[in-house]
Amino acid sequence: MKQQQQLLVPKKRLNMYDIIYADPPWRYDSNTVPPNRRIENHYSTMELDEIKNMSIPASDNCILYLWSPAPLVLQALGVLSAWGFTYKAQMVWDKKKMGMGYWFRGQHEVLLVGVKGDVSAPPQGKRIRSVYRETRTHHSKKPDSIRRLIDEWYPDKSKLELFARATFMGWDVYGNEASTFKQTYLGNIREEASG
Ligand SMILES: C[S@@+](CC[C@H](N)C(=O)[O-])C[C@H]1O[C@@H](n2cnc3c(N)ncnc32)[C@H](O)[C@@H]1O
């Protein structure tokens, strides 16, 4: 198991952000997961309360995009609320390939949307369907197209990715593996997201 590393979000807030995009290292009950399939074989995870108690540098008017695995939606909604956001909507990412699972063979994850203060939904002509299909690649890696879509919706807002594994132009990132993947910021979001 990888060692827990220091949380990189500063206690003293340096900047406040209008958009927070987060993919937390959720910890599963180890009794329910065989040793060879544990997330900790890939990266360190956090207790739910540790995630809830994080100091989130959200501006007064902020949108949160929070990834949740299907079995942890209830916990993720608790995090969204603990971070000061009100739940608004969700999108389902269909990974096109099934994985493991008890009740279902998991093929999707959920992107929850929470809001704080006075914020606007994406421009009408740029909204995408609530089901997004893109084949999964590396373990836990979310589609880069989602980040680019947020950029297209909110080009002028300040953006922070929590638990990032790469750096992206125009985004501040925090994460103890923030340089794991090479930056992949090229491409056309409209083609990828609207298909
Ligand atoms: C679910 S993964 C993020 C995957 C990423 N969204 C992607 O698409 O590649 C969670 C990340 O949080 C990192 N992490 C775990 N504990 C952390 C901590 N205390 N502080 C900062 N990052 C941490 C993990 O190492 C891992 O890189």
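**Exercise 1. Find which residues Leu 66 is in contact with, leaving aside its neighbours within four places in sequence.**

Step 1: Start with the rule. Two residues are in contact if their C-beta atoms, placed from the backbone, lie within 7 Å.

Step 2: Apply the rule to Leu 66. With neighbours within four places in sequence left aside, its contacts are Ala 22, Ala 76, Val 79, Leu 80, Leu 112 and Gly 114.

Step 3: Keep in mind what kind of model you are looking at. It is predicted, so local features need pLDDT of at least 70 and side-chain atom pairs count only at pLDDT 80 or more, while totals for chains, interfaces and linings use all residues. Residue numbers start from 1 along each chain as its sequence is written.

**Exercise 2. Work out where the buried residues of helix α2 point.**

Step 1: Learn two terms. A residue is buried if 20 or more other C-beta atoms lie within 10 Å of its own, exposed if 12 or fewer, and partly exposed in between, with C-beta atoms placed from the backbone. Helices (H or I, at least four residues) and strands (E, at least two) are DSSP runs, numbered from the N terminus.

Step 2: List the residues. In α2, which covers residues 73-82, Ala 76, Val 79 and Leu 80 are buried.

Step 3: Look down the helix axis. The buried residues fall within an arc of 100 degrees (taken from the directions from the helix axis to the C-beta atoms), so they line one face of α2.

Step 4: See what covers them. The cover includes α1 (48-52), β2 (58-69), β3 (86-94) and β4 (108-116).

Step 5: Go just past the end of α2. There, Gly 84 has a positive phi of about 95 degrees.

**Exercise 3. Describe the largest nonpolar core and say where it lies.**

Step 1: Define it. A nonpolar core is a set of buried Ala, Val, Leu, Ile, Met, Phe, Trp, Tyr and Cys residues joined through C-beta atoms within 7 Å.

Step 2: The largest core has 31 residues, and Ile 20, Ala 22, Leu 64, Leu 66 and Leu 80 touch the most other members.

Step 3: Find the contributors. Two or more residues each come from β1 (17-22), β2, α2, β4, α3 (144-153) and β6 (159-162). The largest share, seven residues, is from β2.

Step 4: The domain bounds come from an automatic or database domain assignment.

**Exercise 4. Decide whether Gly 117 and Leu 162 are buried, partly exposed or exposed.**

Step 1: Take Gly 117, in the loop between β4 and β5 (131-133). Because 14 other C-beta atoms lie within 10 Å, Gly 117 is partly exposed.

Step 2: Look at its surroundings. Not counting residues up to four places away in sequence, Gly 117 touches Asp 60, Asn 61 and Cys 62.

Step 3: Turn to Leu 162, in strand β6. Leu 162 has 24 other C-beta atoms within 10 Å, so it is buried.

Step 4: Compare sequence with space. Leu 162 and Asp 23 are 139 residues apart in sequence, yet their C-alpha atoms are 6.6 Å apart.

**Exercise 5. How much of helix α3 is buried?**

Step 1: Count. Seven of the ten residues of α3 are buried, so the helix is largely enclosed by the rest of the structure.

Step 2: Name them. They are Asp 144, Ser 145, Ile 146, Arg 147, Arg 148, Leu 149 and Ile 150.
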